[in-house]
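My notes follow the display.

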Amino acid sequence: MKTITVKLKIDPHRFAAAQQFMDEKGLDLSAELSNSVENFYKRYVPSAIRKYIEKTAVVSRDCAVKSSPFVPGGPSESGSLEPDSDTDGSDLGSGGSYGG
């Protein structure tokens with residue numbers, strides 16, 4: 001699932017206090033905020049719309065998997081075009097170069 005980042009305006013003292021006391025209890029502020037947003041979503045978005053969104057998300061994922069063939073030498077899992085740090089570039093073939 002794709003995600004977005006949400007920016008909040010909050011008093012810095014309240015934020016620091018919430019973070020401090022949540023840390024003491026072993027809670028993750030970001031995870032708790034995400035759970036709250038999920039609860040808002042479930043409360044305010046009608047179930048028929050949620051089902052439609054879930055259905056289209058699954059269909060989109062399936063189509064993306066089927067339509068994106070594996071490309072040898074393509075981007076690594078991190079999405080970077082840089083070679084892995086544990087390779088020395090010797091597998092690039094004769095006369096070939098990387099970058100450019």
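**Surface patches and a buried arginine**

Patches take residues with over 30% relative accessible area and no salt bridge, joining like charges within 9 Å and nonpolar side chains (Val, Leu, Ile, Met, Phe, Trp, Tyr) within 5 Å. A salt bridge is a side-chain nitrogen of Lys or Arg within 4 Å of a carboxyl oxygen of Asp or Glu.

The model is predicted: local features need pLDDT of at least 70 and side-chain atom pairs pLDDT 80 or more, while totals for chains, interfaces and linings use all residues. Residues are numbered from 1 along each chain as its sequence is written, and side-chain values use heavy atoms, without hydrogens and water.

I placed D28 in the loop between helix 1 (12–24) and helix 2 (29–44). D28 counts as partly exposed because its relative accessibility is 47%; buried means under 20%, exposed over 50%, and partly exposed lies in between (1.4 Å probe, protein chains only).

I next examined the nonpolar patch: I4, V6, L8 and L33 make about 450 Å² of surface. I4 lies in the segment before helix 1 and is exposed, with a relative accessible area of 74%.

Where does R50 lie? I found R50 in helix 3 (residues 47–67). R50 is buried yet has no salt bridge, and E54, the nearest side chain of opposite charge, is 5.3 Å away. I noted that a polar atom of the R50 side chain lies 2.6 Å from the backbone oxygen of V45.

Definitions and conventions:
Helices (H or I, at least four residues) and strands (E, at least two) are DSSP runs, numbered from the N terminus. Lys and Arg count as positive and Asp and Glu as negative; His and the chain ends are not counted. A polar contact is a pair of N or O atoms within 3.5 Å; within protein, one must be able to donate a hydrogen and the other to accept it, and residues adjacent in sequence count only if both atoms are side-chain atoms. Accessible areas come from the Shrake-Rupley method with a 1.4 Å probe; for residues, only the protein chains shown count as cover.
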